[in-house]
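Trainee: I am new to this structure and would like to walk through it with you. Could we take it one question at a time?

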Amino acid sequence: MTLALPHAGTAPSVKRAVRRADRPARRAAFLLSLPLLAFLAIAFVVPIAALFTTAVDNPETRSVLPDTLRALAAEPSAAVPGEPVFAELAHDLARAGKARTAALLGKRLNYEIPGMRSIVMAGSRLAAASSQGPWRQKFCDSDPAWGDPALWAAIRRNGARLTPYYMLTAVDLQQTPSGGLAPVAPEQRIFLDILGRTLLVAATVTLLTLFLGYPVAYALTLAPPLLGAIMMLCILLPLWTSLLVRTTAWVVLLQSNGIINDLLIGMGLISKRLQLIFTRFGTVAAMTHIQLPFTILPIASVMRTIPVAQLRAARSLGAPPMSAFWRIYVPQTLPGVMAGCLITFILSLGYYITPALVGGPTDQMVSNFISVYINRDLNWGLASALGVVLLAVTLLIYGLFLRIVGADKLRLG
Amino acid sequence: MLVLNRNFFLSLIASTAVFSASAAVADPTLSIMSFGGAYQSAQRKAVFDAFTAKTGDKVVEQEYGGEIAKIKAMVDSGNTTLDVIDVDAPTLQQGCDEGIFETLDWSKIGSQSEWLPGTSSECGVGTVVYATVLAYDAAKTKDGPTKITDLFDTQKFPGKRGLWKNPATNLEFALMADGVAPADVYKVLETPAGVDRAFKKLDTIKKDIVWWEAGAQAPQVLASGEVAMTTAWNGRIFNANKEGRQFKIVWDHEILDSDLWVIPKGAKHVDASLAFIKFAVEPQTLADMTKFIPYGPVRTTAAAFVQPDIATSLPTSPQNMTGAITLNNAFWGDKGDEIRKRFTTWLAQ
């Protein structure tokens, strides 16, 4: 609710005077918020900047093969370069072998050409073992891959400071030799599919929490104080339990010989045990349970501010109960609904423990893959690129949301 | 901007993920990280406590889940607080190649020739051999599977199968069940046709597979009756049996892999750490480990010290080795990324 501002029609000079009088207070407010701004910069802006940089940074080839790249530049048109480049390659690889950096190059090139890790490591050993050329012949004899134009195209391409490789891979694209873009081979296309499934699961969970949570929030506002407090406790209690514990509880409930199946069989409703765990159903059920409080709380806090007298007034003016509820009450709860849905949707996008434990192989979300690329494969470029894609999608949806609903409709409490 | 990228991430992760008690200078306290659970508890009983009793050097334990990112972050931050780490074979290869681990002075440990092939390197000293095996619950299934082909025989053995959600080990099992000789498995997998063949074999049981991810899930899905049989790490099955289960292991065509001790780059007590590793891989110590967990000693000279009744339950015991292969970590280092992506698309089909 906005108040009608009294100075709406006053002269500009008065406005300026008021602003000047406010200045010390504003300055104090700014100074007070400095710690928060500094915190945000360190905890938020800097990591996201680092995320963006890591997603396009390409230091490996430049740092391991500096002389080779320089020699390659002298032969711009050669598909497979001549002896001078191979001599520099031998020199660079021998040095990298000593400094233990050859594996970094091998791993980087292996992303684009599987098998390159071994080829580079063997090349580094070869360069260290012999002191004399002819290097081109020696390299090609040891592994014909060194005579492959594709390998040299990859080295040339990665001589650049920045690479589009990770970002393209994160959306299932690749660079063609001619410089254009093309989708990757069908059996390597995974990330768009995973992103779509992440969005779908998040949307399903959001809608379910809304359908389940809205009546609860309404009951919460109508309940007498003591009952309301108990209800609130029941809603908050799960929030104080570890996510892992709640997820494991769902494993116990959902498994084939679990409580739900036992109950259904005991009641004679089913004769064959249902596959509930390791399914999309299990994932959505567990996530909905975990997310419910996040949807309920903003809705309830907005509902509390709506005077009950309004509904009575609507009834007394002749509106049937349903109509009074839908036309008077529900529209006023929209800010809470929007806020609750937005929180749940965005949090759901980042889930990974729950889908990993309760979901099947087709329920793994983007975060699962980010974690694998960070922890196991040490492919932080691709992990960052996936993070950037997720962030972009989240911002896009947030933007769309504000556009459709309006920023003023969003209220968190 | 480039200055903040990796190093920033690293120090950020390092500061949150890895920390340990600061070491006392006089009597070195070794900070040792291993995989936790029953495995680390066996190490505590057979190795850590005995080492402290013998040398007076204290051991402070850390646990992790095998994430090399943690080790790399610690090393790159320039403050290596861990002294000795137990790593799996892929981690050893990656970390050794990338200079995350120290190269070791083998003259201070023992003769490298005593180690089984593939269980020692310039950076790592093998400690145990474990196996990925097929297992079933004898309490539920009387005439259970006896060979790897039974995993794919849904006629004779109906019911779901638990498999590790990773192409590694599954493609190998599929090819061996499809008639490829153990010695040729990786030769076949090197070719695209070989990978196709392995996936085609997995296709035959795809709808019956329950995928597990964490090692502890395998005995859990077996115990809950979720699956009729599952692949699992042999130590997990052994532990479930200690808790009263009657799981049986099918050793046929087991896939072996090893754990190794490494010293992270920049570690502060290298001499004491080497002394610890030397002690940890002495034949008697390795044999003592088998009393607590059935992982085979990697050192050939340790076999003589293992109690005969325990020896038969080790993956390295001769009668368990029919058709056994060792996981080829170099192959997975090269082709892992490509095959894992294909595996993910295959799962979603």
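Mentor: Gladly! Keep in mind that this is a predicted model. The domain assignment of chain B gives domain 1 (2-129 + 258-316) and domain 2 (131-256 + 321-348).

Trainee: How far apart do the C-alpha centres of domain 1 and domain 2 of chain B lie?

Mentor: The two domains do touch, with 12 residues of domain 1 of chain B in contact with 13 residues of domain 2 of chain B. Their C-alpha centres are separated by 28 Å.

Trainee: Which element gives the largest share of the side of domain 1 of chain B that touches domain 2 of chain B?

Mentor: That side divides into nine nonpolar, three polar and no charged residues. Both α2 (37-55) and α4 of chain B supply at least two residues to that side. The largest share, three residues, comes from α4(B).

Trainee: Now for the two chains: which element of chain B gives the most to the side that touches chain A?

Mentor: The contact takes 34 residues from chain B and 33 residues from chain A. On the chain B side, α1 (6-17), α3 (68-76), α4 (89-97), β6 (209-212) and α13 (329-348) each supply at least two residues. The most, 12 residues, comes from α13(B).

Trainee: Within chain A, how is α12(A) oriented relative to α14(A)?

Mentor: Helix α12 (residues 243-254) and helix α14 (residues 280-304) of chain A pack with their axes 10 Å apart, at an angle of about 140 degrees. Because of that angle, α12(A) counts relative to α14(A) as oblique.

How values were computed:
Residues numbered from 1 in each chain as written. Chains lettered and ligands numbered in written order. Predicted model: local features only at pLDDT ≥ 70, side-chain atom pairs only at ≥ 80, totals over all residues. Contact = placed C-beta atoms within 7 Å. Helix = DSSP H or I, 4+ residues; strand = E, 2+ residues; numbered from the N terminus. Axes fitted to C-alpha atoms, helices over the stretch in contact; angles between N-to-C directions. Parallel < 35°, antiparallel > 145°, perpendicular 65-115°, else oblique. Domains from an automatic or database assignment. Nonpolar A, V, L, I, M, F, W, Y, C, P; charged D, E, K, R; others polar.
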